[in-house]
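Hi everyone, thanks for making time.

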Amino acid sequence: MVSLPLVRRMEAVSFRAWPAASVHYDGSWAVRLTASHPSRRLNSVNPLDPADYVDIDKRVARAAKRFQSYDRPLVFRLSPLAPAPLEMHFDALGWQRAGESVVMLGEFEEMDIDGGFDLVPLKDINRYVNSSIRISGEEPEHKPGLTEVIEAIRPPHGMFVLEDANGPVAACLCVHDNDLAGLFDLSVRPDAQGRGYGRAIVRGALRWAASQGATKAWLQVEIDNKRALQLYNRMGFEEVYNYVYRIGNNL
């Protein structure tokens, strides 16, 4: 059984760790929009109460207008906190399911975070963002948006980069929020995957978080990313809940 109080906490921590530029609430639906970056996490409607499903048609139409003003497709992010009638509503309309992700959590005492490199967080956001974009192959025009998102993070956070002879090889952002450490923007250069860089940077980032007082780590990963899921399972992360994106035509 999924613990809804735990899901609520994880969702709140996630919103603080990866902040949208604009957040509007329609009842308990959090409408998150970010003009500078196209990420679905930053541009989606997030229902946060399973009992809040009155006037679905009108509220979806209101959300659509907001997304139209940002020139974004209307996206709902449905976690276990989303009302079941909303999911059925989208099914009836034939809305696309656009990817499923799993949220994972691990206790430091039970995790494999020893070994590898001891890492010092970068102070230079520009260096981190340049490295992240180069490693992941993200579009260069997303640099200002990613920079703005990182600059808007309020909890303490560390930016980490590993390098080899060919330049940046792995990048990771770790956000420390009370006892929790969230991992974001983790990437390994394609030609270096499978050589231990992902494990090394995660271990180093989590040891830094432990030194700041965190006792648990969490992350979100697409369910089709089998390589990453295998790594996280080996390190001691366990699934807490899943969420899925639903995409419809703007009204």
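So, which elements do the buried residues of helix 4 pack against? Before I answer, some housekeeping. This is a predicted model, where local features need pLDDT of at least 70 and side-chain atom pairs count only at pLDDT 80 or more, while totals for chains, interfaces and linings use all residues. Residues are numbered from 1 along each chain as its sequence is written, and side-chain values use heavy atoms, with hydrogens and water left out.

Okay, the answer: they pack against helix 5 (143-152), strand 6, strand 7 and strand 8. Contact here means heavy atoms within 4.5 Å. Helices (H or I, at least four residues) and strands (E, at least two) are DSSP runs, numbered from the N terminus. And the buried residues of helix 4 are Tyr128, Val129, Ser131, Ser132, Ile133 and Ile135, buried being under 20% relative accessible area with a 1.4 Å probe, protein chains only.

Strand 6 (residues 157-164) and strand 7 (residues 167-177) pair in the antiparallel sense over eight bridges; pairing needs at least two bridges found by DSSP. A hairpin of two residues joins them, and Glu163 has Pro168 in strand 7 as its bridge partner.

A pocket is an open set of points on a 1 Å grid over the protein atoms alone, with protein on both sides within 12 Å along at least five of seven lines; a cavity is a set where a 1.4 Å probe fits but cannot get out, and lining residues have an atom within 4 Å of a point. Volume is the space filled by probe spheres set on the points, which are joined across faces, edges and corners.

The largest pocket has a volume of about 1400 Å³. Its lining has 46 residues, with Asp185, Leu186, Ser187, Gln220 and Asn225 nearest the centre. Helix 4 (125-136) is among the elements giving two or more residues to that lining, and so is strand 8 (180-188).

Finally, there's one cavity of 30 Å³ or more. The largest cavity holds about 40 Å³ of space, and its lining includes Trp18, Arg77 and Gln220.

Methods:
Buried < 20%, exposed > 50% of the residue type's maximum accessible area, 1.4 Å probe, protein only.
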